Amino acid sequence: MASSLLFRVIVAIILGIACSFFFPEALARVFITFNGLFANFLGFFVPLLIFALITPAIAGLGRGAGKWLAITTGVAYASTVLSGLLAYGVARGVYPRMLSGEQLNTGVTDIEAGAITPYFTVEMPPPLELMSALLLAFCLGVAMATMKADRLYQATRELEQIVMKVVSAFIVPLLPLFIFGMFLNLGMNGNLVDTLVAFGKVLVLATVMTLVYLLFQFVLAGALTGTNPIKALGTMLPAYGTALGTASSAATIPVTYRAVRKNGVSASVAGFVVPLCAMIHLAGSMMKLTLFAFAIVYMAGMEVSVGLAVGFIFMLGITMIAAPGVPGGAVMAAVALLSSMLGFSDDQVALMIAAYIAIDSFGTAANVTGDGAIALIINKFARGDLPEQDEPSEAEEAVAP
């Protein structure tokens, strides 16, 4: 457990809070300087991350089961966006009462001697704007899928591996330090208790809503396929538990596959729906991100129009395609959108990262469990178009993709 990101984040939060009570200003400025540098690096790196992960993902869609890959992608995206829209609607309805009187101020302001500032800053302009990275990823991905450009496809896969190496070897190890600095900053500002209480309320709301949305997904799948939704949802519980422990959709694929097969989904359908949805179906993550993001918007008194909020949700559904390959990936993929579309400051982005990663596994568990509902729907309508396979043995299921 000590090696898990969640454990390190929890330790960072506790230490950040504790140290905020006695750290001198000079030492606090060291961590504020680091946070500024790390935040600038994230701004530089995230467009590259989005391009490197989305391009081969889109190119790979043209190499499988034809139209049903596209239909599955559409269903998964619709489910993810609907989750975000529902979360936004609930946030607009309940936050004025639930978070009434709550205010958010993540900046370290007056601490006896005055405002604390970093010792120095380094500007790190990104190689691409976020929208440019998205458009380039889509153009190249679709072109590669159409032309079957094998060499370029392999090159993008290698770029993906390089980018993931940077994430795993540099960004992820430093995230706890970044979060430590953010909570140190927040604690020294004197606004820590109110913020933690407010986010506790949002956490409860997010947990309840993800469970309600899961039930909705399986009731809908049951109505379309004639399957008992409660039984089907119960069959998916091993996948939910595995994802809760691993916080990884990819690591849960074999368990999700076996659960989907037990729900009566054919091997041909399960073989492409489960790994595809592990990459692109992120309804649980979308639910949490939207609720936390608009909690910060509300508490900080920011002005975000309905049109801008809806646009943010639709864009987030696209950028989160990169999420399964990154620890805490959904919020990492959302960093640029939070800044560029909602106007989040570096401290507000850091707060989002800390809050999200602390409960990351709950969103991942909702994601993979919802994959079972999508598999039931696709199985109902695609069975006649896809080749049937022999029933797999238990050993084959254990290693199935």
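**Close-up views of a predicted model**

**View 1. Helix H5 and its kink at Leu175.** In this predicted model, helix H5 (residues 150-188) has 39 residues and reaches 54 Å from its first C-alpha to its last, close to the 57 Å expected at 1.5 Å a residue. Helices are DSSP runs of H or I with at least four residues, numbered from the N terminus; the expected span is 1.5 Å times one less than the number of residues. At Leu175, shortly before the proline Pro176, H5 has a kink of about 35 degrees. The bend at a residue is the angle between axes fitted to the seven residues ending there and the seven starting there.

**View 2. Helix H3 and its kink at Arg92.** H3 (residues 67-98) has 32 residues and spans 45 Å from first C-alpha to last, close to the expected 46 Å. Its kink of about 35 degrees lies at Arg92, shortly before the proline Pro96.

**View 3. Packing of H11 with H12.** Helices H11 (residues 283-299) and H12 (residues 306-319) pack at about 145 degrees, their axes 11 Å apart. Axes are lines fitted to C-alpha atoms over the stretch in contact, with angles from 0 to 180 degrees between N-to-C directions. Contact (heavy atoms within 4.5 Å) involves Met286, Leu289, Thr290 and Phe294 of H11 and Ala309, Phe312, Ile313, Leu316 and Gly317 of H12.

**View 4. Residues 387-401, where pLDDT stays under 50.** pLDDT is the predictor's confidence in each residue, from 0 to 100. The model has 25 contacts beyond four places in sequence for this stretch. Where pLDDT is low, the predicted coordinates should not be read in detail.

**Notes.** Residues are numbered from 1 along each chain as its sequence is written, and side-chain values use heavy atoms, without hydrogens and water. Local features need pLDDT of at least 70 and side-chain atom pairs 80 or more, while totals for chains, interfaces and linings use all residues.

Terms used. Helix = DSSP H or I, 4+ residues; strand = E, 2+ residues; numbered from the N terminus.
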